[in-house]
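Subject: The structure, and what turned up in it

Hi,

Here is the structure I promised to pass on to you. Have a look at it first, and then read on for my notes.

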Amino acid sequence: MLDMVKTLGDAKIIPVIVIEDEAQAVPLAKALVKGGLPVLEVTFRTQAAAGAIAAIRREVPEAVVGAGTLLTVEQLKAAKAAGAAFGVAPGFDPAVVAEAKTQDLPFCPGIATASELSQALTAGCKMVKFFPAEAAGGVKMIKNLLGAFRFTGVKFMPTGGVKPTNVAEYLAVPEIICCGGTWIVPKDALAVGDYAAIERLAAEAVASAAAS
């Protein structure tokens, strides 16, 4: 089973992807890998998500593809069946976390408060998605949470409002091991198949992470 903390921590930047057309999946994944971002999160916001994950697993073996926006047990099961290497959710749902354990799927639930973080830790989660990061208080809020929770060893993946101008500030916090970002795959670039632009944005994101 994937060591989620190590794999995502090594990557530092996780592209958060919305795929409307399954045919976009493979060229998009190849562009991201070529740009230096091999760990991908395909969100379950569209009907194409499961097929996109399966296609990437089949045709881009150098990519590590996970499933995001897993809101229900049914979605988690579909993600696992499609071959997702890990799962991510925007919130904390005990039933989804429990199903992830049953399915042996490394899972990162979302939290925005101390109470949610406490519940996630009680459920055995070692890593949480802080979402929506900027709206929920950003780096300052995470540091405040760490004042009480640092001893637990919890690791954070902030997502939501993270961008090139602030990603280094997030990654400068040791407990923030990676950040999720939508800016790397702009809707307009994906819509017209401008994979060169996406590759360039991926490479720039790698450089931003290295500067942290």
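A word on terms before the notes: a residue counts as buried under 20% relative accessible area, as exposed over 50%, and as partly exposed in between. Please also keep in mind that this is a predicted model.

Let me start with the charged pairs. How many salt bridges does the count come to? The total is three.

One of them joins Glu175 to Arg150, with 3.0 Å between the closest N and O atoms. This pair links distant parts of the chain, 25 residues apart. Glu175 sits in the loop between helix H8 (167-171) and strand E9 (179-181), while Arg150 sits in the loop between helix H7 (138-149) and strand E8 (155-158). Are the two partners buried or exposed? Arg150 has a relative accessible area of 45%, so it is partly exposed. Glu175 has 13%, and is therefore buried.

Another salt bridge runs between Asp10 and Lys6, where the closest N and O atoms are 2.8 Å apart. Both belong to helix H1 (residues 4-11), and because they are four residues apart there, about one helical turn separates them. The background is that an α-helix has 3.6 residues a turn, so residues three or four places apart point the same way. Asp10 and Lys6 are both exposed.

Arg58 and Glu59 form a salt bridge too, with their closest N and O atoms 3.8 Å apart. Arg58 is exposed, at 56% relative accessibility, whereas Glu59 is partly exposed at 43%.

The disulfide count comes to zero. Cys125 is buried, with a relative accessibility of 7%. Cys179 is in no disulfide either: the nearest cysteine sulfur belongs to Cys178 and is 6.8 Å away. With a relative accessible area of 0%, Cys179 is buried.

The largest nonpolar core has 67 residues, and the members that touch the most others are Ile13, Leu32, Ile56, Phe156 and Ile184. Helix H2 (residues 25-34) gives the largest share of this core, with six residues. What does Ile13 touch, beyond its neighbours within four places in sequence? Its contacts are Leu37, Val39, Val167, Leu171, Cys179, Trp183, Ile184, Ala205 and Ala209. Apart from this core lies another one of twelve residues, including Met4, Ala11, Ile14 and Phe86. As a general point, nonpolar side chains tend to be buried together in soluble globular proteins.

Helix H4 (residues 73-82) is worth a look as well. Its residues Val73, Leu76, Ala79 and Ala82 are buried. Among the elements that cover the buried residues of H4 are helix H3 (49-59), strand E3 (64-68), helix H5 (94-102) and strand E5 (107-108). After H4 comes Gly83, which has a positive phi, near 105°.

There is also a sheet to find on your screen. It is an open sheet of three strands in the order E6-E7-E8, with parallel pairing. Strand E6 (110-111) and E8 are at the edges and have a single partner strand each, so one side of each has no neighbour in the sheet. Between E6 and strand E7 (residues 127-130), the parallel pairing runs over two bridges. Ile111 stands opposite Phe130 in E7.

Thr46 lies in the loop between strand E2 (39-43) and H3, and is buried, with a relative accessible area of 11%. Setting aside residues up to four places away in sequence, Thr46 touches Val18, Ile19 and Glu20. Gly36 is in the loop between H2 and E2, and at 38% relative accessible area Gly36 is partly exposed.

Best wishes

Methods: Residues numbered from 1 in each chain as written. Predicted model: local features only at pLDDT ≥ 70, side-chain atom pairs only at ≥ 80, totals over all residues. Heavy atoms only, no water. Salt bridge = Lys/Arg side-chain N within 4 Å of Asp/Glu carboxyl O. Buried < 20%, exposed > 50% of the residue type's maximum accessible area, 1.4 Å probe, protein only. Disulfide = S-S within 2.5 Å. Pairing = 2+ DSSP bridges. Core = buried A, V, L, I, M, F, W, Y, C linked by side-chain atoms within 4.5 Å. Contact = heavy atoms within 4.5 Å.
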